[in-house]
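Here is a short report on one protein model.

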Amino acid sequence: ALLSHGTPLSTHKRTSRPSSQSTNTHTTAMDGLGDMDLSSLMGGAPPGDEFSDDDIEYEDMEVGDSKDVSISQDGGCLKKVLVKGTGEARPEKGAEVTVHYTGTLLDGTKFDSSVDRGDYFKFKLGVGQVIKGWDQGVASMKKGEKAILTCTSEYAYGENGSPPTIPPDATLLFEVELFSWKNDNDLFDDTGCVRIKTLKKSTAYGFPNEIDQVTVSYAVTAPDSDVAGAGDEIVAPTTSTFFVKDAPFLGLGAVLKKMKEGESVRYKMRNVPGGVQYLEGVPAGKTTVPPQVADVVVTLNKHCSVTSICDGRGTKMTTVDGEGWDRPNDGATCVVSIAVAGKETLLPVESTFITGNEALCEAVEECVMLMKAGETAQAAVPRECAGEFGADAKDGNVTLTITLVSFDKEKEVYTMTNAERVTFGEDTKVMGNDAYKAGNLILASKKVRPRISQIIDGCLPIQGPDPFLFTPKSTKRRCGSWSTTRVFRTTKNARRRKSNSVCT
């Protein structure tokens with residue numbers, strides 16, 4: 001009962017905060033609560049602009065020091081240090097902190113204690129999951145610090161209190177010990193790359209991969225906390241284009257894979273002792289040795305997605321993004337423009353072909369199948385994959401610039417009527433026979449096999465009893481290692497054959 005009434009979860013009404021953000025993060029189950037309305041304990045402090053993403057400077061305090069740590073400096077949260085913490089870092093907004101606490105009234109009456117239960121208490125800092133005094137008081141603490149937070153009623157349970165254990169307008173004392181925190185801004189959970197502040201947000205879609213090409217602006221300076229060289233320039237503002245895997249230093253390549261085009265972020269990077277050396281490759285700047293900690297501002301100006309094609313022997317890089325999400329399917333009619341680097345366009349500005357018929361070379365067809373309408377891509381492929389476009393290549397590699405002007409997808413089989421499937425099947429037979437007669441067995445197999453499966457799997461079932469169904473004595477025909485069993489289904493006007501495999 002003491003736990004349920006005295007836990008430092010806020011008593012503000014849920015109407016002050018969307019229910020989707022109202023979450024009780026206590027690690028212990030609340031038993032024996034009777035008919036108590038838990039919603040009053042789950043809403044968190046009302047949202048406001050006080051606890052912003054901006055940096056908040058806290059003074060270092062010695063054991064026995066007392067200070068108002070409320071952001072408004074209105075005496076709402078006084079902190080007295082019992083045990084000094086270690087290091088310089090403090091938990092940031094959004095970090096999941098782990099603490100022990102004991103809560104008492106001013107007369108010494110204990111109303112709750114995670115220490116007595118032996119269960120740590122975890123919550124997200126600064127997002128309203130706990131009372132206002134905790135959000136602001138714990139944010140001022142360092143790892144290992146133990147302090148007493150004196151919270152006025154405005155920073156605790158307000159004028160109503162939390163009956164029966166906490167009276168109205170009660171000022172509360174919390175002895176809090178901060179053990180650790182996990183920061184959402186700590187990108188790799190090793191303190192090596194910490195997002196300090198987002199300078200510019202982005203609504204772009206997708207993150208760069210190792211093989212993607214990016215255009216990036218970045219600068220490296222000594223950290224603000226380094227008094228000896230605060231703000232000293234290490235790497236001057238630089239704009240460069242490179243593949244992510246070839247980033248100038250390890251930390252830059254790592255954070256780029258978590259950024260979107262147009263985004264700008266300030267990071268705190270460091271070489272983790274015994275771990276990843278995120279600043280490896282950064283020059284020494286004005287100092288005699290390369291930095292171990294630095295502030296890095298990164299802006300992702302342009303992201304060109306790169307995809308492996310031609311069985312890994314070539315790449316497709318998007319230079320101009322297309323519209324929507326749809327892409328050509330097998331049998332789509334496409335209008336394309338193709339140019340070879342260093343040459344005149346070999347095809348008319350707009351050339352039409354049907355995918356899947358090998359009308360154009362492997363590189364072009366594979367690229368087009370991955371593109372959206374209006375997209376322009378650059379394909380870097382070996383000469384043997386470029387067909388006629390690589391005839392005069394001197395170094396064995398060809399770079400093609402391909403624009404998918406427009407396309408009309410072939411109707412999907414599952415959307416066809418049975419009559420349309422019959423026509424589709426006839427067309428498939430003709431294409432397969434033509435490829436077979438031309439000696440292109442691979443194309444014949446590629447065109448026929450999947451289409452037959454689509455036709456059979458997509459056939460509409462006959463409604464009601466089928467008086468024309470008959471199953472003659474099963475016949476099996478051996479062909480190499482294949483075995484085919486046929487079942488015949490007839491109607492007055494048509495006979496369809498269903499097979500569990502195809503035998504050519």
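Which residue in β18 does Val-340 stand opposite? Val-340 stands opposite Leu-400. This is a predicted model, in which local features need pLDDT of at least 70, side-chain atom pairs count only at pLDDT 80 or more, and totals for chains, interfaces and linings use all residues. Residues are numbered from 1 along each chain as its sequence is written, and side-chain values use heavy atoms, with hydrogens and water left out.

Strands β15 and β18 run antiparallel and are joined by eight bridges. Two strands count as paired if DSSP finds at least two bridges between them. Strands are DSSP runs of E with at least two residues; helices are runs of H or I with at least four; both are numbered from the N terminus. The sheet is open, with the order β13-β14-β17-β18-β15-β16 and antiparallel pairing. β13 and β16 stand at the edges with a single partner strand each, so one side of each has no neighbour in the sheet. Neighbouring strands are turned by 35 degrees against each other on average, direction ignored. Helix α5 (residues 362-369) packs on this sheet and touches β13, β14, β15, β16, β17 and β18. The direction of α5 makes about 45 degrees with that of β18. Axes here are lines fitted to C-alpha atoms, for helices over the stretch in contact, and angles run from 0 to 180 degrees between N-to-C directions.

**The five-stranded sheet**

Another open sheet has the order β8-β11-β12-β9-β10, again with antiparallel pairing. Its edges are β8 and β10; each has a single partner strand, so one side of each is left without a neighbour in the sheet. The twist averages 20 degrees from one strand to the next.

| Pair | Bridges | Facing residues |
|---|---|---|
| β9 and β12 | nine bridges | Ser-217 and Thr-299 |
| β15 and β18 | eight bridges | Val-340 and Leu-400 |

**Thr-215**

Thr-215 lies in strand β9 (residues 213-221). Why does Thr-215 count as buried? Its relative accessible area is 19%, and buried means under 20% (1.4 Å probe, protein chains only). Leaving out residues up to four places away in sequence, Thr-215 touches residues including Thr-239, Thr-299 and Leu-300. Contact means heavy atoms within 4.5 Å.

**The whole protein**

The protein has seven helices and 21 strands. Of its 504 residues, 40% are buried. Among contacts with a separation of 6 or more, 66% link residues 24 or more positions apart.

Conventions:
Buried < 20%, exposed > 50% of the residue type's maximum accessible area, 1.4 Å probe, protein only.
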